[in-house]
Amino acid sequence: MQTPKHILAQNNVSPSLTSTINTVLNASKEIALLLQKGAMSGVLGSAEQENVQGETQKKLDVISNDLLKDMLSECPHVAGIASEEEDLPVPANADGEFLVIFDPLDGSSNIDINVTVGTIFSILPSNGNDASQEATYLQSGRNQVCAGYVLYGPSTLLVMTTGQGVDVFTLDPISKEFVLTEAQSKITPSTKEFAINMSNQRFWAEPIQNYVADMLQGEEGPLEKRYNMRWVAAMVADVHRIINRGGIFMYPWDKREPNKPGKLRLMYEGNPMAMLVEQAGGIASNSEMNILDIQPELIHQRVPVILGSKHEVEVALSYYN
Ligand code: AFP
C-alpha cells in the first residue's frame, strides 16, 4: 500500500512541501465526510451570501473554504492562502515557504443534487515575499510546485502532480488513507469525446463555432469522426474523465460579459488543471498560448480554457490560425 507520503518521499519532495500537501489532504478528508453525510449534516443549500465573483455561495462552499483556510493557517510551512471564495489573499506564517491557492468546492451547483464536486489546489513558492500582497501570488503556472484535486464522487480520489507525472490515489474509507491506485496516469492523445456547455454556442467566437460545428457533423464532416458529448458542470469531474479516457474540455471566451475573458479562474482552476494535463501528456491552452505561460495580473483573473488529448487540442487550436 503506497500513500501520498511514500510517493512524495520517492520523488524527493521536501518535508515542508509534503507537510503542506498533507494539510490540504487532511482538510479534504473532512470535506469528504461532510459530503457523505449530505442533508444529515445540515450543510446543503445556500449560505445566502455572495462570493467575490458575485456567485451565491453554497453552505458547503463556505464550510470547505473555512476548513482549508483554518487548517492551512496552522501549518508552519504555509506563508499565505488565496481562495476562490476569499476577496483577498490571507497571510498565514511569515516564515512559510509556500502559497496555497484553491477552489474549495468546484462544481458547487452539483452539491444539492448529489453529483460529483471537487477541491482543486495549487502550491507556489512564496520566495520570502509578503503573503498579504496580491502581487506575491501573481506567478505563472510554471512556478507551481504541486497541483492536484480531490474528487468527491462514488469514491473519493486524489489526483496530484509535483512535476514528476500524475498519480491517482483512492481514499480508503476504513483506514482513512489515500492509497495509490494508478501511477503515472497518461491522457490518450486522440479522442472522440468533447465537453462544452452547448447552451453558450451563440456567444462563442467564430473559431470555436466552426470547430464544434465540424465535430457535430460526425463521420460525414471534415474531422471524419463520430463524437460524443459530456458535461458535468464541474471542471474537476470533466478533467478527471479526460485524464482517465481522453477527451477535450472547452470553456472558451464568449461575448456574454466582454470584460471577462472566460468563466474559469486562472489561478484556482486553469493553472492547476493545466499542470496536471501537461504532466499527463495533454495540452492546456487559452487559444493563444499555453495556460502555464500566462503571467497573471489579478488573483481572480478569468481565462478561456481548451485542454485535453494532445492531438484533439491541436486540431481545435488550428481553427484559430
Ligand atoms: P461553480 O463551482 O461555481 O459551480 O462553477 C463550476 C465551474 O466553474 C466549472 O467547474 C464548470 O466547468 C463550470 O463552472 C460550469 O459552468 P456552466 O454553469 O456554464 O455549466
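Reply: The largest cavity holds about 60 Å³ of space. A cavity here is a set of points, on a 1 Å grid over the protein atoms alone, where a 1.4 Å probe fits but cannot get out; grid points are joined across faces, edges and corners, and a volume is the space filled by probe spheres set on the points. This is a predicted model, in which local features need pLDDT of at least 70, side-chain atom pairs count only at pLDDT 80 or more, and totals for chains, interfaces and linings use all residues. Residues are numbered from 1 along each chain as its sequence is written, and side-chain values use heavy atoms, with hydrogens and water left out.

Me: Which residues line the largest cavity?
Reply: The lining (residues with an atom within 4 Å of a point) includes Ile7, Leu8, Met160 and Phe169. Asn11, Gln164 and Asp167 also belong to the lining.

Me: Which elements give two or more residues to that lining?
Reply: They are α1 (4–10), β8 (156–161) and β9 (166–171). Helices (H or I, at least four residues) and strands (E, at least two) are DSSP runs, numbered from the N terminus.

Me: Now the ligand. How many residues surround it?
Reply: There are 16, and the closest are Asp106, Gly107, Asn197, Met235 and Tyr251. A residue is near a molecule if one of its heavy atoms lies within 4 Å of it.

Me: What lies 2.8 Å from an oxygen atom of the ligand?
Reply: A polar backbone atom of Gly107 does. For the side chains, an N or O atom of Trp231 is 3.0 Å from a ligand oxygen, and a polar atom of Glu269 is 3.1 Å from one. A polar contact is a pair of N or O atoms within 3.5 Å.

Me: Which elements give the shell two or more residues?
Reply: Those are β5 (98–106), β13 (248–251) and β14 (264–265).

Me: And which domains contribute at least three residues each?
Reply: Domain 1 (4–182) and domain 2 (193–318) do, with bounds from an automatic or database domain assignment.

Technical notes:
Polar contact = N/O pair within 3.5 Å; in protein donor to acceptor, adjacent residues only side chain to side chain. 1 Å grid on protein atoms, 1.4 Å probe; cavity = no way out; pocket = protein on both sides within 12 Å on 5 of 7 lines; lining within 4 Å.
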